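Colleague: Before we discuss this model, could you put the sequence and the structure up, so that we can go through the packing step by step?

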Amino acid sequence: MAAAPAVPADLIVTGCTALLHADPAETDPRRAADGIRFVPDTALVIRAGVIAEITDSAGAAASPSRERIDAEGLVALPGLINCHTHSPMVTLRGLVEDRPEQEWFNDWIWPIESNLTPRVIALGARLACAEMIRGGVTCFADHYFATDVIADAVEETGLRANLGEAYFSSQGAEGRARSLDRALGLRGRAGGRITTSLAPHAPYTVSDDDLAATARLAAEHGLPVHLHAAENRAQTDTSLARHGRTPIDVLRDTGLLDVDVLIAHGTGILDRDLPALRAATGRIGVASAPRGYLKFGWDTTPVRALVDAGAHVGLATDGAASNNTLDVWEAMTLTALVQKRAERDPRWLTARQALRHATLDSARAVGLGDTVGSLAPGRRADLVLVDLSGPHTQPVHDLAATLVHSARSADVRTTIVDGRVLMRDGRLTSVDVPSVAGELAELLPDLVERGHGRRIQTYDT
Ligand SMILES: [Zn+2]
């Protein structure tokens with residue numbers, strides 16, 4: 001009897017050199033440098049949005065597939081993950097520069113954000129998704145307002161996202177309730193590509209009572225919490241002067257270290273905070289976005305100490321209003337550079353460590369460490385193909401060094417999420433950038449108007 005014909009795969013990517021993790025199930029961030037290898041002549045067989053099989057070109061040659069991508073000469077990486085952003089803030093890219101954070105927030109950003117409309121957020125989120133797809137980002141953790149509108153952009157553009165509806169205690173009980181409603185209402189949408197978090201803004205804008213209530217709700221509903229904390233040293237110093245506690249102490253005392261938490265920035269985390277982080281019973285993720293820290297003149301995230309304390313340090317861009325780009329590739333390069341300077345140690349944060357932070361550690365930081373972040377059978381098919389044939393990336397002696405220190409996000413040729421091709425050979429398939437940018441341009445004069453004297457919140461470390 002003849003064998004039954006094989007069911008065709010949905011997509012087979014052949015001939016690439018693939019970045020594989022020796023043990024994608026490894027959850028100990030202290031093994032960061034280990035276990036990355038590059039395997040030539042790899043074929044990735046994708047079925048129903050999942051990497052079904054990893055083989056070689058010969059092994060895949062006979063397999064039928066609805067679609068094939070010849071990736072000869074390209075490098076396949078797990079898609080990059082932006083662990084902390086405010087995607088619609090691309091609308092304010094480059095609007096206010098060269099100012100300290102108090103002035104940036106109080107005189108510009110928070111007055112302007114009182115003008116936000118669902119249409120501006122919708123267009124900003126689409127532009128942000130286009131930028132991220134173009135730069136090889138397949139997943140982002142967003143912390144913003146109107147996440148229902150952002151979810152539509154995620155659904156339409158094909159990206160994966162963790163969405164957290166931001167709230168301040170100044171909004172009263174309504175803010176916290178909305179954050180929960182959105183987290184419960186949006187999770188699982190877009191074919192499961194959307195996960196959600198509770199998203200208090202920060203310990204300096206959200207009361208201890210609200211933070212403690214958020215921790216209880218997170219435990220009750222199985223939701224992670226995404227917030228800013230110890231963003232810079234001034235916040236930590238102010239918190240110590242006013243309350244005798246660091247922002248991390250506040251997270252511990254309100255129960256937020258006993259649920260899964262994603263901390264944005266943490267450049268003000270001190271050595272005295274490390275025991276609390278080490279003792280945490282929840283998963284601790286920290287998102288590091290070094291470009292913005294350089295612009296504000298801050299210190300950087302203490303990655304080495306955090307890794308030693310068992311935290312998963314992921315890479316991020318923050319919003320484009322401060323960071324100017326949503327380029328996680330650039331965050332990877334900057335992390336490798338800035339961490340050497342911070343530790344005064346050229347041996348620390350090698351290119352392989354940077355790649356590990358950009359992939360599996362970022363996935364763990366946003367709670368998707370068993371789903372994405374690695375090219376492995378059973379993981380969702382989120383990957384990018386990178387072209388290293390340009391003069392700035394030739395010759396290649398050490399692929400990790402080439403990727404981190406010579407390649408750029410513009411070298412990403414193809415971006416795939418859940419097995420769907422969102423950029424093919426440099427062309428976006430799910431967003432019409434000129435039409436989004438054109439419509440947005442008409443709305444900008446009303447958006448940036450500050451004559452009304454309103455402000456959504458006041459910054460006071
Ligand atoms: Zn932020």
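Predicted model: local features only at pLDDT ≥ 70, side-chain atom pairs only at ≥ 80, totals over all residues.

Colleague: Which residue just after helix 4 takes a positive phi?
Modeller: Just after the helix, the backbone takes a positive phi of about 95 degrees, at G158.

Colleague: How is helix 13 placed relative to helix 14: parallel, antiparallel, perpendicular or oblique?
Modeller: Helix 13 (residues 328-343) and helix 14 (residues 351-365) have axes 9 Å apart and pack at an angle of about 140 degrees. Since only angles over 145 count as roughly antiparallel, helix 13 is placed relative to helix 14 as oblique.

Colleague: By class, which residues make up the contact of helix 13 with helix 14?
Modeller: Helix 13 passes helix 14 in a right-handed crossing. On the side of helix 13 the residues are V328, M332, T335 and A336, and they meet A351, A354, H357 and A358 in helix 14. By class, this contact has no charged residues, two polar and six nonpolar.

Colleague: Which element gives the largest share of the side of domain 1 that touches domain 2?
Modeller: The chain is divided into domain 1 (11-79 + 378-428) and domain 2 (80-365), and their C-alpha centres lie 27 Å apart. The contact takes 29 residues from domain 1 and 40 residues from domain 2. On the side of domain 1, strand 1 (11-21), strand 5 (74-78), helix 15 (399-406), strand 15 (412-417) and strand 16 each supply at least two residues. The largest share, five residues, comes from helix 15.

Colleague: Is D258 buried or exposed, or does it fall in between?
Modeller: D258 lies in the loop between helix 8 (247-253) and strand 11 (261-265), and, leaving aside neighbours within four places in sequence, it is in contact with A215, A280, T281 and G282. A residue needs 20 or more C-beta neighbours within 10 Å to be buried and 12 or fewer to be exposed. Because D258 has 16 C-beta neighbours inside 10 Å, it counts as partly exposed.

Note on methods:
Residues numbered from 1 in each chain as written. Helix = DSSP H or I, 4+ residues; strand = E, 2+ residues; numbered from the N terminus. Axes fitted to C-alpha atoms, helices over the stretch in contact; angles between N-to-C directions. Parallel < 35°, antiparallel > 145°, perpendicular 65-115°, else oblique. Left-handed = near helix turned anticlockwise from the far one by under 90°. Contact = placed C-beta atoms within 7 Å. Nonpolar A, V, L, I, M, F, W, Y, C, P; charged D, E, K, R; others polar. Domains from an automatic or database assignment.
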